[in-house]
Amino acid sequence: MSALKRTNLNSVVQLRTTVDDNLNTSLSALGYNESFTLIDTKIALGYSTAIIAGGLYFYDKKYGFDETFNLTVVAVLAYFAISGILWYYTSTPQYKNVKYVGFNDKKEKITIATWTSKFEPVYYVQITTSEGQRIDAQFEFMKLFDGMGYYKEEQLTKLIKAELEKVNKKSI
Amino acid sequence: MKVRQQLVQFLNLAYVLSSAFMVWKALSVVTNSHSPIVVVLSGSMEPAFQRGDILFLWNRDQQAHVGDIVVYEIQGKSIPIVHRVLREHHNNEKQLLLTKGDNNAVDDLGLYAKKQGYLNQATDLVGTVKGYLPKVGYVTILLTENIYFRYGILGIMGISSLLTQE
């Protein structure tokens, strides 16, 4: 996918975005299938707020404030209610920074949250398994990209695999 | 998948616009005014208000008092006018107002629509001024009246959107 694309090595945000975009490739190599339920829910909620706002804008433009007052009250309440639900799915600890949700063949769930801090070239990863085990790991971007800015996919696969194996050993 | 990324990106843009609009509408509903915040465009209320002051309006008062500063709109003219209530007449059903700008020599009869001799408190008012911020709104006057400022700001916004990420 991004095999031929170079990433700007000077931007932590761009480095993170590249790795986030390629999480799916690494995890499918480890036998996981991505589940889009969470992201689809968020997209649906987000677009319904946009539709409410857009609809209200045109309705208000056409009929004026006084005639649309009741509708405006309903729209405002609905908008903020849906935004609240959306906020729950994006910002509460359980869902914050979640970039990947997937299942393997044994229906074991894996949730991966990733983030970076502004001035550190480090990729923070938190993996939650279906048994509720939580793995915190830090990967240096230096290990995930070569000097030219090409992404090294198999490196991330290896690192994640290593982290998962640690847990599996512990649980045995 | 790529489609989802595109959808999310578009959604982020839509969110910036829709949230600002909905906050504005929420404020409208609370104050019962179609524009709860206005910028003073003329000097007719000097020295109380200068051009560029931002006014916060409230439109749930039952009656206006002489001396209140109100914002009103004349039917057919869409520019809101900020002036002080000079006289009022009321009974149980309605209240009629005559307004005047502090800095104007005469009252507003000449500004009203043809054959209109008064303002109706219930229907003509956009709101009563309850608070103000001096000078802050001058940006909007510059944006509408100064073409160099407008294109300058547009240019800066364009460049910054090219240079920033996330």
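Trainee: Why is the pair Asp20(A) and Arg16(A) called a salt bridge?

Mentor: In this predicted model, the closest N and O atoms of Asp20(A) and Arg16(A) are 3.9 Å apart. The rule asks for a side-chain nitrogen of Lys or Arg within 4 Å of a carboxyl oxygen of Asp or Glu, so the pair qualifies.

Trainee: Why are Asp20(A) and Arg16(A) separated by about one helical turn?

Mentor: Because the two residues are four residues apart in helix H1 of chain A.

Trainee: What makes Arg4(B) and Asp40(A) a salt bridge?

Mentor: The closest N and O atoms of Arg4(B) and Asp40(A) are 2.6 Å apart. The cut-off is 4 Å, and therefore this pair also meets the rule.

Trainee: Which elements of chain A give two or more residues to the side that touches chain B?

Mentor: They are helix H1 (12–29), helix H2 (37–63) and helix H3 (69–91) of chain A. H2(A) gives the most, with 12 residues. By class, that side of chain A divides into 18 nonpolar, three polar and five charged residues.

Trainee: How do you know that chain A and chain B are in contact?

Mentor: Contact requires heavy atoms within 4.5 Å, and 26 residues of chain A are in contact with 25 residues of chain B. Between them the chains bury about 2,100 Å², of which 73% is on carbon and sulfur atoms. In chain A, the residues that lose the most area to chain B are Tyr47(A), Phe65(A) and Tyr79(A), together 26% of what that side buries.

Trainee: What is known of the second largest pocket, and which residues are the closest to its centre?

Mentor: About 630 Å³ of space lies in this pocket. It is lined by 29 residues, and the closest to its centre are Asn59(B), Ala122(B), Thr123(B), Asp124(B) and Leu125(B). The lining divides into six nonpolar, 15 polar and eight charged residues.

Trainee: What kind of peptide bond joins Glu46(B) and Pro47(B), and where is Pro47(B) placed?

Mentor: The bond between Glu46(B) and Pro47(B) is cis, with omega about 5°. Pro47(B) lies in the loop between strand S1 (37–39) and strand S2 (54–58) of chain B.

Trainee: What is the phi of Lys115(B), and where is this residue found?

Mentor: Phi of Lys115(B) is near 65°, a positive value in a residue other than glycine. Lys115(B) belongs to the loop between strand S5 (95–100) and strand S6 (119–120) of chain B.

Notes
Residues are numbered from 1 along each chain as its sequence is written. Chains are lettered from A and ligands numbered from 1 in the order in which they are written. This is a predicted model: local features need pLDDT of at least 70, side-chain atom pairs count only at pLDDT 80 or more; totals for chains, interfaces and linings use all residues. Side-chain values use heavy atoms; hydrogens and water are left out. Buried area is the accessible area (1.4 Å probe) that two parts lose on being put together, summed over both. Ala, Val, Leu, Ile, Met, Phe, Trp, Tyr, Cys and Pro count as nonpolar, Asp, Glu, Lys and Arg as charged, and the others, Gly among them, as polar. On a 1 Å grid over the protein atoms alone, a cavity is a set of points where a 1.4 Å probe fits but cannot get out, and a pocket is an open set with protein on both sides within 12 Å along at least five of seven lines; lining residues have an atom within 4 Å of a point. Grid points are joined across faces, edges and corners, and a volume is the space filled by probe spheres set on the points.
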